[in-house]
Amino acid sequence: MSTSANDVVMCSERVYDKISKGFSQCRYKGKVVRNGKQYCGLHDPVKIEEKDAAKQARWEIEWEADRKKYALRAAGPGLLEACKAALTLHLWEAGAHNQTIIWQIEAAIAKAEGETSETSR
Ligand SMILES: [Zn+2]
């Protein structure tokens with residue numbers, strides 16, 4: 001690789017060619033220098049690292065959303081039983097001033113048991 005002013009310095013990345021089934025030098029011009037090597041915009045190690053970090057961050061958000069979804073699903077049966085127990089208690093002890101929370105519990109139980117708004121009262 002020459003470094004004289006008139007020469008175009010190519011990207012130093014080695015890329016796999018599906019047709020020749022071998023590695024060859026990237027066919028794009030070097031745009032940036034990283035650790036003394038030229039890289040095109042596609043193979044710039046800094047850009048690749050940034051893209052990977054962004055991808056990793058998106059995955060972590062998705063994994064966390066999935067984790068919460070599965071945790072809620074696993075907790076569902078226990079929550080349903082707790083709501084039913086609480087509902088019985090409140091109907092006896094809380095009286096009319098807690099009617100809103102009783103409706104919320106009844107709606108949550110109905111939803112958990114797969115009732116639609118048409119089938120529940
Ligand atoms: Zn390249």
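## L42 and its surroundings

L42 counts as partly exposed because 13 C-beta neighbours lie inside 10 Å. A residue is called buried if 20 or more other C-beta atoms lie within 10 Å of its own, exposed if 12 or fewer, and partly exposed in between, with C-beta atoms placed from the backbone. L42 sits in the loop between β4 and α1 (45-93). Its C-alpha atom is separated by 9.8 Å from that of G30, and the two residues are 12 apart along the chain.

## Basis of the model

This is a predicted model, in which local features need pLDDT of at least 70, side-chain atom pairs count only at pLDDT 80 or more, and totals for chains, interfaces and linings use all residues. Residues are numbered from 1 along each chain as its sequence is written.

## Overall make-up

The chain has two helices and four strands. Their order along the sequence is β-β-β-β-α-α. Helices (H or I, at least four residues) and strands (E, at least two) are DSSP runs, numbered from the N terminus.

The chain has 121 residues, of which 5% count as buried. Among contacts with a separation of 6 or more, 25% are between residues 24 or more positions apart. Two residues are in contact if their C-beta atoms, placed from the backbone, lie within 7 Å.

Strand β1 (residues 14-17) pairs with strand β2 (residues 22-25) in the antiparallel sense, over four bridges. Pairing requires that DSSP finds at least two bridges between two strands. R14 has Q25 in β2 as its bridge partner, and D17 has G22 in β2.

Four residues lie between β1 and β2 in this hairpin. K21 is in the loop between the two strands. With 7 C-beta neighbours inside 10 Å, K21 is classed as exposed.

Most residues other than glycine have a negative phi.

N35 is found in the loop between β3 (32-34) and β4 (37-39). N35 counts as exposed because it has 7 C-beta neighbours inside 10 Å.

## Helix α2

Helix α2 (residues 99-112) has 14 residues, which at 1.5 Å a residue should span 20 Å; its end C-alpha atoms are 20 Å apart, so the two values agree. The expected span is 1.5 Å times one less than the number of residues in the helix. After α2 comes G114, with a positive phi near 80°.

I101 has its place in helix α2. I101 is partly exposed, with 13 other C-beta atoms within 10 Å. From I101 to L87 the C-alpha to C-alpha distance is 9.0 Å, and these residues are 14 apart in sequence.
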